[in-house]
Amino acid sequence: MILFLTDTGCRSGELRSLKMQDVNLEKREAWLEGKTGGRWVDFIERTARAIQDWLEVRPEMDCPYLFPSQRGGQLTPSGVWQIFFQEAFSMLQYIRLTYNRCKYARWGRVKRPRKANKALNLGRVTWKGKSGR
């Protein structure tokens with residue numbers, strides 16, 4: 001789903017209303033219906049393979065939508081956001097763990113950062129780093 005969103009630039013509503021019959025994996029294109037009307041979008045081979053893999057594990061249900069809800073209907077806007085943030089959180093954890101493994105392998109232990117020149121407050125998370133100046 002995330003590959004399709006980033007590859008085609010479609011809106012959340014267009015993704016939610018995307019039906020299986022509107023996707024052509026051989027030509028790597030899809031017909032999207034949205035608030036601005038219908039349009040064709042293209043996607044790359046990697047996205048086509050991901051959709052094919054999804055179709056192999058997609059639960060069997062009588063639902064025309066490519067990405068159905070757990071109950072078999074159309075996804076809600078909050079359902080799309082929940083999936084997106086779950087995946088984004090998993091990716092951030094992967095990046096954090098990979099970075100820490102690299103630090104351990106390179107330095108043998110985690111070093112404390114030096115005094116920061118700038119601090120960026122992102123809600124509850126504060127990132128401190130040197131400015132590029």
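The lining of the largest pocket splits into 9 nonpolar, 7 polar and 2 charged residues (Ala, Val, Leu, Ile, Met, Phe, Trp, Tyr, Cys and Pro count as nonpolar, Asp, Glu, Lys and Arg as charged, the others, Gly among them, as polar). The model is a predicted one, where local features need pLDDT of at least 70 and side-chain atom pairs pLDDT 80 or more, while totals for chains, interfaces and linings use all residues. Numbering starts from 1 along each chain as its sequence is written, and side-chain values use heavy atoms, with hydrogens and water left out.

The largest pocket holds about 500 Å³ of space. Of its 18 lining residues, Pro68, Ser69, Gln70, Leu75 and Ile83 sit closest to the centre. A pocket here is an open set of points on a 1 Å grid over the protein atoms alone, where a 1.4 Å probe fits, with protein on both sides within 12 Å along at least five of seven lines; lining residues have an atom within 4 Å of a point. Helix 4 (residues 77-107) gives the most to this lining, with 6 residues.

As for the strands, an open sheet of 3 runs in the order 1-2-3 with antiparallel pairing. Strand 1 (23-24) and strand 3 (37-42) are at the edges with a single partner strand each, so one side of each has no neighbour in the sheet. Helices (H or I, at least four residues) and strands (E, at least two) are DSSP runs numbered from the N terminus, and pairing takes at least two DSSP bridges. Strand 2 (residues 29-34) pairs with strand 3 over 6 bridges, and Gly34 stands opposite Gly37 in strand 3.

Technical notes
Points joined across faces, edges and corners; volume = space filled by probe spheres on them.
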